[in-house]
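User: I am new to this structure and would like to learn how to read it step by step. Could you take me through its features, giving the general idea and then the case at hand?

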Amino acid sequence: SLRCYAKAPAKVILFGEHWVVHGGRAIASAIGIYSRVIAESLHEGIVVESRNLGVVEDISKRCRIFCNLKKAFEYIAGGDRVLWPASIVIDSEVPVGAGLGSSAAVAVSASAAYACVGGLSVSPDFISRAAYESEKVVHGTPSGVDNTVAAFGGFILYRRGDGFKPIHAGRLDDVVILVIDTGVSRSTASAVEFFAGRLRRLGSIGKEMLELAENIIDEALKAISSGDAVRLGELMDVAHGLLNAMGVSHVSLEKAVHVARANGALGAKLTGAGMGGSAIALVESSRADNVASSLRELGFRVYNGALGAAGLSVA
Ligand code: PMV
């Protein structure tokens, strides 16, 4: 029987969260934390198993848990939507609810593995579109950045309505990104609403801050292209300061960025919606264990991954 293996990475928003809701640009990066899927052809059924969730479900007739993946598989099957039988085993190391796009990494890897056993294309573009169908079930009206980064990897620049552009990166292989999960739960919708309210109340000050955020994007693009990690870290600190000024930080995020910097991180900021959730720190590889353990001592969950990691791969 046919057997396919696929893996896809997690993502972080490096710059531009919130500003992107108001016409600004944002930069996201794949990080070397992966969802891995093995698909095998079967005689009947579409049996999806998540090792992480400890659940198994046959979605060939009805679905309850993995209806999102079923939508992606139907997109892959195309026109008549006749699905082929397969077993899909998901093994993801991407933490759920930490702003890393875990659902997209799983959807991209599972879609590619399913397409592969069906003998169909596993091009990143096709698989990203399929995974977006899954993301709509999970997130309503997602921007599409998570599935795009999981499929294509690397660094991606985006603006609402403009689509996604790859950023050609210089060497950034002696630094890593630490993802610091504060464990403070927050609602993206209420953070977006708070930010929008303050931006409006600030009037011309808000406009100038958006301009500043856009300048940071220009400088970050240069730093990524030239592989200037020191510059990138400094820009992360400044980007965090702006988000803090807009009121979307949190005492636990402030603690995380402060401790990361005090222990030698090149820069640190909140990532995603803020008001809880995760912070990221850019750290030289040789110092990563030190910085991570000082954060873990304070009770944070810390994940370590390479920046600009490769996207979907299928074997
Ligand atoms: O919290 P996350 O990872 O879903 O990121 C939200 C990013 C925002 O810019 C705050 C909202 C958005 O839709 O772009």
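Predicted model: local features only at pLDDT ≥ 70, side-chain atom pairs only at ≥ 80, totals over all residues.

User: Where is Met 275 found, and what is its phi?

Analyst: Met 275 is found in the loop that runs between strand 9 (267-271) and strand 10 (278-284), and its phi is positive, about 60°, although it is not a glycine.

User: Is His 18 buried or exposed, and where is it found?

Analyst: His 18 counts as buried because it has 25 C-beta neighbours inside 10 Å, and it is found in the loop between strand 1 (3-15) and strand 2 (26-41). The phi of His 18 is near 70°, again a positive value in a residue other than glycine.

User: Which residues surround the ligand?

Analyst: His 18 is one of them, together with Glu 17, Val 20, Val 21, Gly 99, Ser 143, Thr 188, Val 192, Gly 272, Ala 273 and Gly 277. When this shell is sorted by residue type, it divides into four nonpolar, six polar and one charged.

User: How do the two domains of the chain meet?

Analyst: A domain contact can be read from the distance between the two parts and then from the residues on each side. The chain is divided into domain 1 (3-169) and domain 2 (175-305), whose C-alpha centres lie 25 Å apart, and the contact takes 26 residues from domain 1 and 29 residues from domain 2. On the side of domain 1 that touches domain 2, strand 1, strand 2 and strand 6 (155-159) each supply at least two residues, with the largest share, five residues, coming from strand 1. The residues of that side divide into 17 nonpolar, seven polar and two charged.

User: Which residues have the most contacts inside the largest nonpolar core?

Analyst: The largest nonpolar core has 108 residues, and those with the most contacts inside it are Val 108, Ala 113, Leu 178, Ala 260 and Ala 281. Helix 2 (residues 102-117) gives the most to this core, with 12 residues, and the core draws at least three residues from each of domain 1 (3-169) and domain 2 (175-305). To see one member in detail, take Leu 178, which, not counting residues up to four places away in sequence, touches Ala 260, Ile 280, Ala 281, Val 283, Ala 288, Val 291, Ala 292, Val 302 and Asn 304.

User: How many residues of helix 4 are buried, and what do they pack against?

Analyst: Helix 4 (residues 145-152) is mostly covered, with eight of its eight residues buried, among them Asp 146, Asn 147 and Phe 152. These buried residues pack against strand 1, strand 2, helix 2, helix 3 (124-139), strand 6 and strand 7. Just after helix 4, Gly 153 takes a positive phi of about 70°.

User: What is Pro 166 in contact with, and where is its place?

Analyst: The place of Pro 166 is in strand 7 (residues 163-167), and, leaving aside its neighbours within four places in sequence, Pro 166 is in contact with Phe 152, Gly 154 and Ile 156. Pro 166 is partly exposed, because 13 other C-beta atoms lie within 10 Å. From Pro 166 to Val 149 the separation is 17 residues in sequence and 9.4 Å in space, C-alpha to C-alpha.

User: Finally, how should I read the chain as a whole?

Analyst: Overall form can be read by setting the chain beside a simple expectation. With 315 residues, a compact globule would have a radius of gyration near 20 Å, and the chain, with 20 Å, agrees. Its C-alpha atoms fill a box of roughly 60 × 40 × 35 Å along the principal axes, and its secondary structure comes to nine helices and 12 strands. Buried residues make up 50% of the 315 residues, and, among contacts between residues at least 6 apart in sequence, 72% join residues at least 24 apart.

Note on methods:
Residues numbered from 1 in each chain as written. Near = placed C-beta within 6 Å. Nonpolar A, V, L, I, M, F, W, Y, C, P; charged D, E, K, R; others polar. Core = buried A, V, L, I, M, F, W, Y, C linked by C-beta atoms within 7 Å. Buried ≥ 20, exposed ≤ 12 C-beta atoms within 10 Å, placed from the backbone. Helix = DSSP H or I, 4+ residues; strand = E, 2+ residues; numbered from the N terminus. Domains from an automatic or database assignment. Contact = placed C-beta atoms within 7 Å. Rg over C-alpha atoms; globule rule 2.2 N^0.38 Å.
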